[in-house]
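Student: Before we start, I would like to go through a few features and how each should be read.

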Amino acid sequence: MPEPQDDRSIGDNETLLRRIRPKDIHLDPLTNQYRPESGCFRSDEFISVHIASLTSHRQVLSNYPEFSLVEFTVAELRSIGCIVVRDPLPEDSSHALIYGTAPGGYVSKTQAKKLSKICRWVVFNRGQ
């Protein structure tokens with residue numbers, strides 16, 4: 001499989017959206033603010049996101065009403081060494097994937113920690 005290339009047609013000012021499960025939210029003892037766990041940005045799969053200009057918050061959460069939603073810019077993503085690649089789905093043209101610098105193109109532990117700190121809440125839902 002060829003190495004993925006950063007999609008430069010997605011500008012630095014574009015916003016990316018990521019769903020967060022309620023169980024993946026914790027209170028950061030240093031800042032006393034709720035943050036997503038860094039594991040939300042690291043796995044053995046590429047990180048699924050949505051290009052904000054191609055969708056709405058409501059649409060991204062439509063099948064996940066209990067989830068929260070965070071955002072970060074493509075510039076912020078690129079500044080930590082990650083890339084973004086369009087991955088449109090038949091039912092969702094906004095879908096994209098984040099690749100990192102860990103083996104296999106996955107997001108590294110360091111990159112995941114940085115993403116969890118730079119992202120901002122768009123919709124916050126801690127659940128019960």
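Tutor: We take the strands, then one serine, then the pockets. This is a predicted model, where local features need pLDDT of at least 70, side-chain atom pairs count only at pLDDT 80 or more, and totals for chains, interfaces and linings use all residues. Residues are numbered from 1 along each chain as its sequence is written, and side-chain values use heavy atoms, with hydrogens and water left out.

Student: With which strand does β1 pair over six bridges?

Tutor: Strands (E, at least two residues) and helices (H or I, at least four) are DSSP runs, numbered from the N terminus. Two strands pair if DSSP finds at least two bridges between them. β1 pairs with β5 (residues 68–73) in the antiparallel sense; threonine 15 has threonine 73 as its bridge partner in β5. β1 also runs antiparallel to β4, joined by two bridges, and here leucine 17 is partnered by histidine 50 of β4.

Student: How many residues of β1 are buried?

Tutor: Buried means under 20% relative accessible area, exposed over 50%, and partly exposed in between (1.4 Å probe, protein chains only). In β1, five of the six residues are buried.

Student: Where is serine 56 found, and what does its side chain reach?

Tutor: Serine 56 is in the loop between β4 (47–51) and α1 (57–61). Serine 56 counts as partly exposed because its relative accessibility is 32%. A polar contact is a pair of N or O atoms within 3.5 Å; within protein, one must be able to donate a hydrogen and the other to accept it, and residues adjacent in sequence count only if both atoms are side-chain atoms. The side chain of serine 56 reaches the backbone nitrogen of glutamine 59 at 3.0 Å.

Student: Which residues lie nearest the centre of the largest pocket?

Tutor: On a 1 Å grid over the protein atoms alone, a pocket is an open set of points where a 1.4 Å probe fits, with protein on both sides within 12 Å along at least five of seven lines; lining residues have an atom within 4 Å of a point. In the largest pocket, Arg18, Arg19, Arg21, Cys40 and Ser48 lie nearest the centre, among 19 lining residues. β1 (15–20) and β4 each supply at least two residues of that lining.

Student: And which lie nearest the centre of the second largest pocket?

Tutor: Arg19, His50, Gln59, Asn63 and Asp92, out of 13 lining residues. β4 and α1 are the elements that give two or more residues to that lining.
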